[in-house]
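The following exercises are to be worked through with the sequence and the model at hand. Each task is followed by a solution in steps.

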Amino acid sequence: PQKKAANLLIYDFAGQEEYYITHHLFLGSKALYILAFDLSKYEEKLLDSQIILWWDAIQNRVSDLKSNGSKTPKVIIVGTHADLLGNAQDYADHIHKKLKVRFHSRMNSLQDRVQILEQELSELDPKRKEKGSLNIKENDMVPLSIKVQIQTMECEIKKLGHQQKCTIALPSSIYAVSSKDFSNFGK
């Protein structure tokens, strides 16, 4: 097989908040993201600002309703400055477990919200299970306010389903690396 040339674009966001507003311009679904953070400065209370903030920025951009779920990007999480910690990989593994719990909770929350909306829709339109979604044109007996509620809920369910489908998979581990002695760079 003939090898084809490929273009590789690398953007280093470096984490400065003053540039955060422009980052979405560079985020896309056909990408590999390396989310790097300084393990030596990690604090559990900073999980949101060190990892989740950036994860959400990527997730929110690619789970847009116009996106295609099959193009969900891959994310690698890297903890840097491993040489400054005696047990860096254990520390990274601990952070990964925290992320797993958080991500599991998020998925459950999405599913719970869908179930609540489905229940509310069943109460608004008891015949919904028989006929699927409400056919607005055929059902003139339903008040306009109820029709609007039903359409809004159906749209929300569709959006939540898309978010579930496009959720970026949490990597199987966080890599603890050091540029000082190049530990773990070969993994």
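**Exercise 1: a residue in a helix**

Leu 110 lies in helix α3. The model examined here is a predicted one.

Task. Determine whether Leu 110 is buried or exposed, and state which residues Leu 110 touches beyond four places in sequence.

Solution. Step one concerns accessibility. A residue counts as buried when its relative accessible area is under 20%. The relative accessible area of Leu 110 is 16%, and Leu 110 is therefore buried.

Step two concerns the surroundings. When residues up to four places away in sequence are not counted, Leu 110 touches Leu 160, Gln 163 and Gln 164.

Step three relates sequence to space. Between Leu 110 and Ile 157 there is a separation of 47 residues in sequence, while their C-alpha atoms are 9.6 Å apart.

**Exercise 2: a residue in a strand**

Step three: leaving aside neighbours within four places in sequence, the contacts of Phe 37 are Tyr 42, Gln 50, Ile 51, Ile 77, Val 78, Gly 79, Thr 80, Ile 95 and Ile 174. For one of these, Ile 51, the C-alpha distance to Phe 37 is 7.3 Å, at a sequence separation of 14 residues.

**Exercise 3: two packed helices**

Task. Describe how helix α2 and helix α3 pack, beginning with the angle and the distance between their axes.

Solution. Step one: helix α2 (residues 47-62) and helix α3 (residues 88-124) have axes 12 Å apart, at an angle of about 50°. The two helices are therefore oblique to each other.

Step two: the crossing of α2 past α3 is right-handed. On the side of α2, the contact is made by Leu 47, Asp 48, Ile 51, Ile 52, Trp 55 and Asp 56; α3 contributes Ile 95, Leu 99, Arg 102, Phe 103 and Arg 106. By class, the contact of α2 with α3 comprises 7 nonpolar residues, no polar ones and 4 charged ones.

**Exercise 4: the whole chain**

Task. State how many helices and strands the protein has, and in what order the elements run.

Solution. The protein has 5 helices and 3 strands. From the N terminus on, the order is α-β-α-β-α-α-α-β. Of its 187 residues, 31% count as buried.

Notes: Residues are numbered from 1 along each chain as its sequence is written. This is a predicted model: local features need pLDDT of at least 70, side-chain atom pairs count only at pLDDT 80 or more; totals for chains, interfaces and linings use all residues. Side-chain values use heavy atoms; hydrogens and water are left out. Contact means heavy atoms within 4.5 Å. Axes are lines fitted to C-alpha atoms, for helices over the stretch in contact, and angles run from 0 to 180 degrees between N-to-C directions. Helices (H or I, at least four residues) and strands (E, at least two) are DSSP runs, numbered from the N terminus. Angles under 35 degrees count as roughly parallel, over 145 as roughly antiparallel, 65 to 115 as roughly perpendicular and the rest as oblique. A crossing is left-handed if the near helix is turned anticlockwise from the far one by less than a right angle, and right-handed if clockwise. Ala, Val, Leu, Ile, Met, Phe, Trp, Tyr, Cys and Pro count as nonpolar, Asp, Glu, Lys and Arg as charged, and the others, Gly among them, as polar. Buried means under 20% relative accessible area, exposed over 50%, partly exposed in between (1.4 Å probe, protein chains only).
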